[in-house]
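Work through the exercises below with the sequence and the 3D structure in view. Each task is followed by a solution in steps.

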Amino acid sequence: MGQPHSPLQPQQPPCEAMRNAVTLRTMTHDDLDAVLAIEQAAYSHPWSRGNFRDSLNPLFDAQCLWFEGELLGYFLAMHGVEEMHLLNITVAPARQGQGWGHMMLDALSLWSRSQGAKVLWLEVRQSNARALHVYERYGFRRVGLRKDYYPLDRQQREHAVVMSLPL
């Protein structure tokens with residue numbers, strides 16, 4: 001999760017019928033326009049089309065969460081030896097605060113375990129208090145700091161908090 005453009009208000013949680021009707025499926029090239037629209041709305045420094053296109057290969061797990069033709073969110077993770085590295089998880093700004101991020105983390109955790117991963121890793125902007133809170137509530141622990149990891153503006157960079165979750 002990168003830094004959102006502006007604070008977002010929590011939304012009403014979806015009804016059980018909606019939660020049961022969502023589908024998680026592998027991201028394809030056909031999804032990139034919808035993915036990029038969310039990415040650009042959600043972040044001050046969004047991934048590029050090339051970043052996403054390059055991640056659509058067997059070394060990565062790229063998934064989209066859909067409800068009746070609406071892209072709710074997506075995640076991308078990279079396989080490692082007995083580990084998974086979450087590179088990007090994003091919920092559409094209009095759908096944040098409804099539990100979709102947690103649902104995607106559940107799916108990623110289960111799939112990672114099935115692939116033999118023992119740890120899930122991620123980095124998050126040090127200033128992104130909302131994402132840090134979400135990850136900590138999920139069970140991730142802060143294990144380090146990557147100095148000057150994220151771009152902030154033309155001359156400055158921001159530290160990344162490194163977090164891990166035993167699987």
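**Exercise 1. State what helix H4 lies across, and give its angle to S4.**

Solution. Begin with the ground rules. The model is predicted, so local features need pLDDT of at least 70 and side-chain atom pairs count only at pLDDT 80 or more, while totals for chains, interfaces and linings use all residues. Residues are numbered from 1 along each chain as its sequence is written, and side-chain values use heavy atoms, with hydrogens and water left out.

Step 1. Find the elements: helices (H or I, at least four residues) and strands (E, at least two) are DSSP runs, numbered from the N terminus. Helix H4 covers residues 100–114.

Step 2. List what H4 lies across: S1, S2, strand S3 (70–80), strand S4 (83–91), strand S5 (119–125) and strand S7 (157–166).

Step 3. Axes here are lines fitted to C-alpha atoms, for helices over the stretch in contact (heavy atoms within 4.5 Å). Angles run from 0 to 180 degrees between N-to-C directions.

**Exercise 2. Give the strand order of the sheet and explain why S1 and S6 are its edges.**

Solution. Step 1. Two strands pair if DSSP finds at least two bridges between them. The order is S1-S2-S3-S4-S5-S7-S6, an open sheet of seven strands with mixed pairing.

Step 1. Strand S1 (23–26) and strand S6 (141–151) each have a single partner strand, so one side of each has no neighbour in the sheet.

Step 2. From one strand to the next, the twist averages 25 degrees.

Step 3. At the S1 end, four bridges join S1 to strand S2 (residues 60–67) in an antiparallel run. Thr26 has Gln63 in S2 as its bridge partner.

**Exercise 3. Describe how S7 is paired and how enclosed it is.**

Solution. Step 1. S5 and S7 pair in the antiparallel sense over seven bridges; in S7, Ser164 is the bridge partner of Trp121.

Step 1. S6 and S7 also pair in the antiparallel sense, over seven bridges. Gly144 stands opposite Val162 in S7, and a hairpin of five residues joins S6 to S7.

**Exercise 4. Which residues of helix H5 are buried, and which elements do they pack against?**

Solution. Step 1. In H5 (residues 129–138), the buried residues are Ala131, Leu132, Tyr135 and Tyr138. They cover an arc of only 130 degrees around the axis, which puts them on the same side of H5. The arc is that of the directions from the helix axis to the C-beta atoms.

Step 1. These buried residues pack against S4, H4, S5, S6 and S7.

Step 2. Ala129 and Arg137, on the other side of H5, are exposed. Gly139 follows H5 and has a positive phi, near 120 degrees.

**Exercise 5. How many aromatic pairs does a search of the whole structure find? Classify the pairs Trp47–Phe52 and Tyr135–Phe140.**

Solution. Step 1. The search finds five aromatic pairs. Rings of Phe, Tyr and Trp (its six-membered ring) pair if their centres lie within 6.5 Å; planes under 30 degrees apart count as stacked, over 60 as edge-to-face and the rest as tilted.

Step 1. Trp47 and Phe52 have ring centres 5.0 Å apart and planes at 45 degrees, so this pair is tilted.

Step 2. Tyr135 and Phe140 are 5.5 Å apart centre to centre, with 65 degrees between the planes, an edge-to-face pair. Both residues, Tyr135 and Phe140, are buried.

Key. Buried < 20%, exposed > 50% of the residue type's maximum accessible area, 1.4 Å probe, protein only.
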